[in-house]
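Please open the structure in your viewer and keep the sequence beside it, so that each selection can be followed in both. The tour goes from one group of residues to the next.

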Amino acid sequence: MVVFNRYIPFRGYDAINLFGIIFVRYEPKSPLHQRRIYPSLLNHERIHTRQQWELLWIGFYLWYLIEYLFYLIKYKSRFRAYRSIRFEREAYAYEHDLDYLRHRHLYAWIKL
C-alpha cells in the first residue's frame, strides 16, 4: 500500500517503508516537490517489503539498526553507514529492475 502525505517521511526524503506500508512525501503547494514518483523508487521500497516479510518485520528493523550502528562506528559517516546496510545494497542494486521481485531468491540480501 502507498500513502501520500506531507509528514512521513521527514523532509529531505522521498519515501520510507514502515511495516510494508510505503509512505511517500507529498507537499502539494511546494514547486520543488512536484516531481513524479518514479517506478524505481516504489520498486526500491517494495524490495524492502519483501526483506521485512522474510525477517517477520521486527527482525528486519533490529538487523537494520545493528548494521547501521556498526557501519556508523566503522565509517563515521551516516550516509556511508546507510548505504552499507545489506538491505539497502540490495534495494539500490535492483531498484531499476522492475522484474526483480519476480525472480528474486529468498534472503537475497545475505549474499550482498
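Begin by selecting Leu55, Phe60, Tyr64, Tyr68, Tyr71, Ala81, Ile85, Phe87 and Trp109, the nine residues that form the largest nonpolar core of this predicted model. In soluble globular proteins, nonpolar side chains tend to be buried together.

Next, show the largest pocket, which holds about 930 Å³ of space. Its lining is made of 29 residues, and those closest to the centre of the pocket are Tyr13, Ala15, Ile16, Tyr64 and Tyr82. Two or more lining residues come from each of β2 (15–18), α1 (39–54), α2 (58–75), α3 (78–84) and α4 (86–94), and α1 gives the most, with six. If you colour the lining by class, you will find 18 nonpolar, six polar and five charged residues.

Finally, select Gln52, which belongs to helix α1. Is Gln52 buried or exposed? Gln52 counts as buried because its relative accessible area is 0%, and the cut-off for buried is under 20%. Leaving out residues up to four places away in sequence, Gln52 touches Asn17, Leu18, Phe19, Gly20, Trp57, Phe60 and Tyr61. Although Gln52 and Phe19 are 33 residues apart along the chain, their C-alpha atoms are separated by 7.1 Å, and the side chain of Gln52 reaches the backbone nitrogen of Phe19 at 3.5 Å.

Notes: Residues numbered from 1 in each chain as written. Predicted model: local features only at pLDDT ≥ 70, side-chain atom pairs only at ≥ 80, totals over all residues. Heavy atoms only, no water. 1 Å grid on protein atoms, 1.4 Å probe; cavity = no way out; pocket = protein on both sides within 12 Å on 5 of 7 lines; lining within 4 Å. Points joined across faces, edges and corners; volume = space filled by probe spheres on them. Helix = DSSP H or I, 4+ residues; strand = E, 2+ residues; numbered from the N terminus. Nonpolar A, V, L, I, M, F, W, Y, C, P; charged D, E, K, R; others polar. Core = buried A, V, L, I, M, F, W, Y, C linked by side-chain atoms within 4.5 Å. Buried < 20%, exposed > 50% of the residue type's maximum accessible area, 1.4 Å probe, protein only. Contact = heavy atoms within 4.5 Å. Polar contact = N/O pair within 3.5 Å; in protein donor to acceptor, adjacent residues only side chain to side chain.
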